[in-house]
Amino acid sequence: MMSNLTTDNPVALQALMDETIFTNGFDFQTTQGAVSKAKDTEYIAVGIPSTDYLTQSVPDGTIRSGYIGHEQGKNELEVLGGEFIYQGNKDQGILFILRYEKYPYFSPAALDAFEKTIGALKLRKETVAVVNLANAHNPNDFKRIMQFFQPTKIILLGVEPASLKLPPIEHNSYMKGRIATVFNTFSFEEMFADVNKKKLFWNEFKTFIVS
């Protein structure tokens with residue numbers, strides 16, 4: 001059963017969130033051990049690729065960017081031009097926070113697992129926001145994250161709450177604030193290495209997203 005951490009910490013409450021939750025099983029079998037060596041060499045520190053980088057203006061005035069040389073081509077989902085560089089859409093209030101130093105967002109294996117996970121809950125990467133705090137452009141400041149993204153659900157994927165000056169939150173547990181709820185869990189790489197961690201994650205995550 002998911003444990004619910006309520007906090008009176010003024011720093012955490014200043015920014016926090018509202019209860020919420022994901023539905024149906026997912027499968028990592030096809031992604032275990034699937035990180036490609038060739039893929040690993042495509043990126044250098046903090047998601048800067050060795051290949052060409054494109055930017056493009058879109059009608060709402062933001063700038064989208066992408067990498068040429070990635071097998072899927074340019075990243076049409078990346079949004080530039082604001083306080084944060086992120087991928088996807090923040091309108092639904094669902095925010096995934098990562099800290100990948102070698103990749104702009106997920107590793108190839110983690111991306112596959114991420115798409116299957118949210119897809120099982122009728123979500124798409126176009127409808128949720130993903131921010132990588134290893135990107136030097138992005139502030140590692142929880143209050144600024146809350147102000148910019150205005151999320152109601154935040155998922156920490158392998159990001160320690162203490163690194164955002166949040167109170168301790170056990171893995172696969174959540175902390176509820178006035179505005180949003182933070183769900184703390186493992187990185188996909190940790191789940192690839194430990195089937196039990198994957199099961200614990202899924203059992204709680206699907207409840208968190210659909211609640």
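1. The model is predicted, not experimental. The chain carries six helices and 12 strands.

2. Of the 211 residues in the chain, 51% are buried. The accessible surface of the chain is about 10100 Å², and carbon and sulfur atoms contribute 51% of that area.

3. Among contacts in the chain with a separation of 6 or more, 71% are between residues 24 or more positions apart.

4. Helix α4 covers residues 142–149. Buried positions in this helix are Phe 142, Ile 145, Met 146, Phe 148 and Phe 149.

5. What happens at the two ends of α4? At its start, the backbone nitrogen of Lys 143 has a side-chain oxygen of Asp 141 within 3.0 Å. Just after the helix, Gln 150 adopts a positive phi of about 50°.

6. Lys 176 belongs to strand β11, which spans residues 173–176. Is Lys 176 buried, partly exposed or exposed? Its relative accessible area is 26%, so Lys 176 counts as partly exposed: the value lies between the 20% limit for buried and the 50% limit for exposed.

7. Lys 176 and Thr 152 are 24 residues apart along the chain. The distance between their C-alpha atoms is 9.7 Å.

Definitions and conventions: Residues are numbered from 1 along each chain as its sequence is written. This is a predicted model: local features need pLDDT of at least 70, side-chain atom pairs count only at pLDDT 80 or more; totals for chains, interfaces and linings use all residues. Side-chain values use heavy atoms; hydrogens and water are left out. Helices (H or I, at least four residues) and strands (E, at least two) are DSSP runs, numbered from the N terminus. Buried means under 20% relative accessible area, exposed over 50%, partly exposed in between (1.4 Å probe, protein chains only). A polar contact is a pair of N or O atoms within 3.5 Å; within protein, one must be able to donate a hydrogen and the other to accept it, and residues adjacent in sequence count only if both atoms are side-chain atoms. Contact means heavy atoms within 4.5 Å. Accessible areas come from the Shrake-Rupley method with a 1.4 Å probe; for residues, only the protein chains shown count as cover.
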